Amino acid sequence: MFVFAAVLSVLLAVVGLAAGLPKALLKGSIPAQLQSPGGLSAPLVRFIGLAELAAAAGLLAGLFWQPIGVAAALGFAVVLVGAIRFHATSGDYANPETRGKALAPAILTIIAIAAAVTLALAS
């Protein structure tokens, strides 16, 4: 069970790092898209990026102390639910051109919950 939890944790940590770093630094196309007119404020985008980076660090630390990994996975799931809500209100699920990218947070939410459960069971 621990090996499966470790694989999920590392996978989510890589995603959290890759998604969080550009947002925390406000660099690249994703933060710019999130801040488009009617979008999110720069401080909120930076906060989301820092939350994703904290989740990545917590998931890796959770490999050594499972309670922090469970908390990080659940926290990451909360951030991802916010992303799902953002995509839903932006109409990304209705648009065939943006639907594929908008489904990523939904899939990652399921993986984050699975990581939390497997880490909890592995301890």
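What covers the buried residues of helix 4? I started with this question and kept to a predicted model throughout, in which local features need pLDDT of at least 70, side-chain atom pairs count only at pLDDT 80 or more, and totals for chains, interfaces and linings use all residues. Residues are numbered from 1 along each chain as its sequence is written, and side-chain values use heavy atoms, with hydrogens and water left out.

**Entry 1: helix 4**

I then noted its buried residues (buried means under 20% relative accessible area, exposed over 50%, partly exposed in between, with a 1.4 Å probe and protein chains only). They are Q66, G69, V70, A72, A73, F76, A77, L80 and H87. The cover over them includes helix 1, helix 3 (42–61), helix 5 (99–102) and helix 6, which answers my opening question.

I also looked at the end of helix 4, where S90 is found; S90 is partly exposed, with a relative accessible area of 39%. The C-alpha atoms of S90 and L40 are separated by 11 Å, although the two residues lie 50 residues apart along the chain. After helix 4 comes G91, whose phi is positive, near 80°.

**Entry 2: helix 4 with helix 6**

Two packed helices are described by the angle between their axes and the distance between the axes. The axes are lines fitted to C-alpha atoms, for helices over the stretch in contact, and angles run from 0 to 180 degrees between N-to-C directions. For helix 4 and helix 6 I noted an angle of about 165° and axes 8 Å apart. The two are therefore roughly antiparallel, since angles under 35 degrees count as roughly parallel, over 145 as roughly antiparallel, 65 to 115 as roughly perpendicular and the rest as oblique. Their crossing is left-handed, meaning that the near helix is turned anticlockwise from the far one by less than a right angle.

The contact (heavy atoms within 4.5 Å) is made by residues including V70, A77 and I84 of helix 4 and L108, A112 and L119 of helix 6. By class, the residues of this contact divide into 17 nonpolar, four polar and no charged, where Ala, Val, Leu, Ile, Met, Phe, Trp, Tyr, Cys and Pro count as nonpolar, Asp, Glu, Lys and Arg as charged, and the others, Gly among them, as polar.

**Entry 3: helix 4 with helix 3**

Helix 3 and helix 4 pack at about 150°, with their axes 7 Å apart, and are therefore roughly antiparallel to each other. Among the residues that make the contact are I48, E52 and L59 of helix 3 and G69, A73 and F76 of helix 4. I noted ten nonpolar, two polar and one charged residues in this contact.

**Entry 4: helix 6 with helix 1**

Which helices do the buried residues of helix 6 pack against? They pack against helix 1, helix 4 and helix 5, and among these buried residues are P105, I111 and T118. Helix 1 (residues 2–25) and helix 6 (residues 104–122) meet at about 140°, with axes 8 Å apart, and are therefore oblique to each other.

Technical notes: Helix = DSSP H or I, 4+ residues; strand = E, 2+ residues; numbered from the N terminus.
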